[in-house]
Amino acid sequence: MDSNQPDPYDVLGCAESDDFTVIKQAYRKLVKQYHPDYMHGQGMADADIQQATQKMQEINAAYETIKRRRGV
């Protein structure tokens with residue numbers, strides 16, 4: 001694992017021992033919370049939306065890493 005990358009399970013708020021269903025639920029919850037379109041619809045400031053976009057990239061990368069490791 002690249003030392004510059006955060007642990008994907010920490011990013012999603014899950015444990016490595018969690019079932020993939022639990023991980024997927026955590027991922028979907030975070031996507032809803034941080035999705036830039038959702039935040040824009042809530043009237044958030046552009047700076048907040050930009051931070052959310054970066055957070056979404058981190059969330060998506062973590063989820064893809066977990067899927068790749070588990071062969072899903």
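Predicted model: local features only at pLDDT ≥ 70, side-chain atom pairs only at ≥ 80, totals over all residues.
1. The side chain of E64 pairs with K67 in a salt bridge, and their closest N and O atoms lie 3.4 Å apart. K67 is also partly exposed, at 23% relative accessibility. Both residues belong to helix α4 and sit three residues apart, so about one helical turn separates them.

2. How many salt bridges are there by this rule? The count is two. The other pair to look at is E58 with K55, at 4.0 Å from N to O. These two are likewise in helix α4, three residues apart, or about one turn of the helix. E58 is partly exposed at 33% relative accessibility, and K55 is partly exposed too, at 24%. As background, side chains of opposite charge can pair when their charged atoms come close.

3. Now to the nonpolar side of the model. The largest nonpolar core has 15 residues, and those touching the most other members are L12, C14, I23, Y27, I59, Y63 and I66. Helices α1 (8-12), α2 (20-34) and α4 (46-70) each contribute at least two residues to this core. Which helix gives the most? That is α2, with six residues. In soluble globular proteins, nonpolar side chains tend to be buried together.

4. Setting aside neighbours within four places in sequence, C14 is in contact with Y9, V22, I23 and A26.

Conventions:
Residues numbered from 1 in each chain as written. Heavy atoms only, no water. Core = buried A, V, L, I, M, F, W, Y, C linked by side-chain atoms within 4.5 Å. Buried < 20%, exposed > 50% of the residue type's maximum accessible area, 1.4 Å probe, protein only. Helix = DSSP H or I, 4+ residues; strand = E, 2+ residues; numbered from the N terminus. Contact = heavy atoms within 4.5 Å.
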